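Good morning, colleagues. Please look at the sequence and the model as they come up.

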Amino acid sequence: MPTYKLLSQGSTKINKSNTIQDKYFSRILYLAPDNLADGKRTVCPYAKIAKCNEACLNTAGLGGVYSSIQKARIRKTLMFLNETEKFFDLLIKDIDKFVKECEDLGKKPALRLNGTSDIQWETIEVEDFKNIFEMYPNIQFYDYTKIPTRKVSHIANYHLTWSYSQANDKYASLFEKVPYNKAVVFFDALPSMFKGLKVIDGDKHDMRFLDKTNSVVGLLAKGKAKQDDTGFVIKALQVA
């Protein structure tokens, strides 16, 4: 396994994704969410609107156990915010290593850059390319997003799943307008249907680009999300 400077060496859900199928191999980038890095600038512009800042997956798994992991995520985020050129230099080196890792495994690369962030990578030029997706056309990129206005359908190798929340009425009203699959976090059980769409178990794997269209990706609350009362996490009773 190569040593990465920015990409995560391991993640429970990513590891699960890599073992349930043989076609793709995935890695993920974890940053410090919202404005956690410096208390001012956010890498999750809809975090406070959707009320996911307190229930963020940043506190789930090993990220909620080891302070060293949190410090590393803050360090990477500050580099992105303050030393953007250095950040992308390291990211490109990591991605090149990742592509080689996939070649050695005989699998197609799939990369999630917003593990615990919501950066609009499609708007950031990298070297002589419009964005990182254009630079690596043979990588399948994918992310969740809280930003309902992102338009990436013209980017063939980037897949988005919109993360739903009922914490804000205006935000919740966009359910039928956002053109992507919707991810919904539930407290203790997944319903079979939600707002007229079939619910699939999103905890089985992380490769959302493999999901059928017009689906709700059901996720069970993890970490601090288990105590959420904002409307971001949905109770099965509410669905019924």
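D211 forms a salt bridge with R208, with 2.5 Å between the closest N and O atoms. By salt bridge I mean a side-chain nitrogen of Lys or Arg within 4 Å of a carboxyl oxygen of Asp or Glu. D211 is buried, at a relative accessible area of 12%, and R208 is likewise buried, at 1%. Here buried means under 20% relative accessible area, exposed means over 50%, and partly exposed lies in between, computed with a 1.4 Å probe on protein chains only.

A word on the basis of these values. This is a predicted model, in which local features need pLDDT of at least 70 and side-chain atom pairs count only at pLDDT 80 or more, while totals for chains, interfaces and linings use all residues. Residues are numbered from 1 along each chain as its sequence is written, and side-chain values use heavy atoms, with hydrogens and water left out.

How many salt bridges does the structure hold? There are 11. One of them joins the side chains of D206 and K13, at 3.9 Å from N to O. D206 lies in the loop between β7 (197-201) and β8 (216-220), whereas K13 belongs to helix α1 (residues 12-20), so this pair ties together parts that are 193 residues apart in sequence. Helices (H or I, at least four residues) and strands (E, at least two) are DSSP runs, numbered from the N terminus. Both D206 and K13 are buried.

Consider next a pair within one helix. The side chains of D104 and K100 meet in a salt bridge of 2.9 Å, N to O. These two residues are four apart in helix α4 (residues 84-105), and about one helical turn separates them. In general, an α-helix has 3.6 residues a turn, so residues three or four places apart point the same way. D104 is exposed, at 56% relative accessibility, and K100 is partly exposed, at 43%.

Let us return to α1. Which of its residues are buried? They are K13, I14, S17 and N18. Viewed down the axis of α1, the buried residues fall within an arc of 140°, taken over the directions from the helix axis to the C-beta atoms, so they line one face of the helix. The face turned away from that buried side carries the exposed residues T12 and T19. As for packing, the buried residues of α1 pack against β1 (24-28), β3 (140-145) and β8, where contact means heavy atoms within 4.5 Å.
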